[in-house]
Amino acid sequence: MCGIVGYIGPREAHPILIKGLKRLEYRGYDSAGIAVLNSTLKVYKTKGKVSDLEAFLVDKDISGTIGMAHTRWATHGEPNNVNAHPHFSQSEELALIHNGIIENYAVIKEELIQHGYVFQSNTDTEVLIQLIEYIKKSSGSTLLEAVQSALCQVVGAYAIVILSKTDRSTIIAARKGSPLVVGIGQDEFLLASDASPIVEYTKDVVYLDDEEIAILQRGEKIKIKTIRDVEKHPEVTKLELNLSQLEKEGYDHFMLKEIFEQPKTIRDSYRGRINEGNDVISMAGIIDHIDRFMNARRIIITAAGTSWHAGLVGEYMFEDLARIPVEVEYSSEFRYRNPIIHETDIVIAISQSGETADTLAAIELAKSKGAFIYGICNVVGSSIARASHAGSYTHAGPEIGVASTKAFTAQVTVLALMALAIGRKRGTIDTPTFHRLVAELQTIPEKVEQTLGLDKDVKEISKIFTYSRNFLYLGRGYNFPVALEGALKLKEISYIHAEGYPAAEMKHGPIALIDREMPVVVIATNKGTYDKVVSNIQEVKARQGRIIAIVTKGDSTVKGLADFCLEIPETEEMLVPLLATIPLQLLAYYIAVNRDCNVDQPRNLAKSVTVE
Ligand code: AGP
């Protein structure tokens with residue numbers, strides 16, 4: 001979703017701002033803009049890509065050492081030049097960029113119109129800057145006071161940055177519900193929606209908390225006040241991010257790089273959490289709250305999209321190993337139901353970005369009812385990580401491709417560790433089984449490496465299905481979420497309609513769709529239900545559907561039936577998703593490339609969905 005970059009310091013601001021916007025392109029956007037302060041406050045913006053903005057700026061005076069820039073993902077008002085950010089206030093004294101949604105913008109707008117304010121755009125953002133100007137002028141307050149007062153009036157989410165024509169040495173920024181990070185350099189400050197535009201300049205950052213305002217002035221230390229004027233001590237943390245993690249490093253796309261990183265990222269997810277004898281799993285979030293886990297009557301997993309699929313894998317794991325009943329909920333549904341939540345419930349919120357608005361809201365709801373919240377996030381310091389009582393990071397490193405790949409396998413790895421650790425403590429898993437599973441988990445990076453060897457075969461298969469209009473993905477048990485995930489990957493990046501189903505459900509409807517045009521991807525590795533899945537394959541064959549099967553190495557039965565067979569190494573049933581997902585990620589990737597789709601930034605999608 002929208003991206004924010006800001007700079008104040010001794011250097012020219014615009015190259016830093018434009019580079020920063022490029023680093024944020026992965027978030028998804030439809031227009032871009034920049035504001036710089038020199039002899040006056042200048043704003044330039046345009047629909048389209050950051051490269052369009054660069055072209056537009058070629059003959060403009062954008063010199064200046066203080067500025068801000070924005071990529072917009074449209075919510076209120078279509079993507080066009082006028083609705084793009086920054087937005088000026090009526091007198092053009094102030095300019096604002098904003099990420100989030102001001103929910104009560106219509107009421108405020110109506111009042112401002114009564115006071116003679118005229119609006120250029122259809123955005124909620126313009127309403128906010130007009131309100132700040134109105135308060136400032138009508139009450140004679142300082143800009144900071146006006147911002148505080150305006151933010152006390154608005155309902156919704158925001159990360160904002162404000163520049164004022166009359167104060168050439170200050171940036172004011174604030175957040176609530178949308179992330180904002182301040183980088184602290186040598187006599188300079190950077191601001192961004194995430195750390196990726198900052199890491200090149202400094203590793204010292206301050207993550208703003210909800211309702212905090214940062215006042216960044218040249219020659220001064222960072223000051224933080226709340227919207228109710230309480231002074232806060234800035235907590236400086238060190239970024240662990242490297243610049244190389246934000247580059248493609250020779251791959252054609254970030255998505256492909258991230259698929260191939262999985263042997264390492266899975267290892268990083270369990271690294272330091274398993275002792276040498278394979279008999280102890282140490283996860284601080286569990287150890288520190290062990291009573292909660294021992295007494296848990298139920299686990300509710302809440303998430304969206306791919307993270308929700310990881311949650312489904314987690315459901316099987318927790319029920320198998322820890323014998324705790326699990327419910328997996330879409331955050332967007334959970335937050336608007338009237339769910340029955342007990343104090344003995346554990347709510348596990350899974351999110352790569354740690355910023356998904358629905359998951360944050362689900363957490364707040366569960367918290368208000370006394371549940372214990374455990375966050376599984378990839379982005380360190382993210383809102384969900386901070387809103388949780390405890391949690392585990394997935395340590396997959398920055399995921400830039402909009403289609404989640406390595407974050408999914410890292411989430412599944414963390415869930416496996418958790419289920420094993422809790423099962424061991426609760427005594428629901430015997431020692432030999434525990435040892436066997438823990439040892440097997442540590443063979444997975446090597447087996448993922450082998451699975452990635454299917455790359456060329458998948459590329460060839462992809463050519464045959466480039467122009468298919470529909471796909472069906474089938475799997476059972478642990479492989480059902482894998483089927484859902486495979487279908488989601490294909491939809492997202494190739495725009496081909498795809499559905500995932502539990503294989504046995506096919507007879508209850510989707511079988512009607514099968515004809516010679518319909519590719520059916522079947523994950524047929526299950527031990528317990530192998531014969532049943534083979535029967536499903538027969539049913540597809542009988543209707544001339546074309547089968548792409550994922551099987552265990554050495555399988556001969558399915559090989560004899562399927563049109564294409566991809567063999568993955570044998571592993572424990574609960575760990576199969578970590579392998580079976582890989583060829584499905586590759587299949588989606590190559591089909592999208594064949595169709596000339598924008599793999600890393602698919603249309604209409606955003607990397608972190610910070611609005612409802
Ligand atoms: C995955 O490929 C998607 N881009 C999307 O479904 C994503 O998983 C979902 O928006 C949840 O995001 P989160 O993990 O950052 O909360």
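1. In this predicted model, a backbone N or O atom of Thr306 lies 3.0 Å from an oxygen atom of the ligand. A polar side-chain atom of Ser351 is placed 2.6 Å from a ligand oxygen atom, and for Thr356 the separation between a side-chain N or O atom and an oxygen atom of the ligand is 2.4 Å.

2. On burial, the ligand taken alone exposes 410 Å², of which the protein buries 91%. The site that holds the ligand is the second largest pocket.

3. Two helices, H10 (305–322) and H18 (479–494), are the elements that give two or more residues to the shell around the ligand. The shell draws on both domain 2 (248–442) and domain 3 (453–598), and the ligand therefore lies between these two domains.

4. Around the ligand there are 15 residues, and those that come nearest are Ser307, Ser351, Ser353, Thr356 and Glu492. By residue class, the shell comprises eight polar, five nonpolar and two charged residues.

5. Two backbone features deserve a separate remark.

6. The peptide bond that joins His85 and Pro86 is cis, with omega of about 5°. Pro86 is located in the loop between strand E4 (66–72) and strand E5 (87–88).

7. Glu92 is not a glycine, yet its phi is positive, at about 65°. This residue, Glu92, belongs to the loop that runs between E5 and strand E6 (94–102).

Notes:
Residues numbered from 1 in each chain as written. Predicted model: local features only at pLDDT ≥ 70, side-chain atom pairs only at ≥ 80, totals over all residues. Heavy atoms only, no water. Near = heavy atom within 4 Å. Polar contact = N/O pair within 3.5 Å; in protein donor to acceptor, adjacent residues only side chain to side chain. Areas by Shrake-Rupley, 256 points an atom, 1.4 Å probe, with all protein chains shown as cover. 1 Å grid on protein atoms, 1.4 Å probe; cavity = no way out; pocket = protein on both sides within 12 Å on 5 of 7 lines; lining within 4 Å. Sits in = over half its atoms within 2 Å of the grid points. Helix = DSSP H or I, 4+ residues; strand = E, 2+ residues; numbered from the N terminus. Nonpolar A, V, L, I, M, F, W, Y, C, P; charged D, E, K, R; others polar. Domains from an automatic or database assignment.
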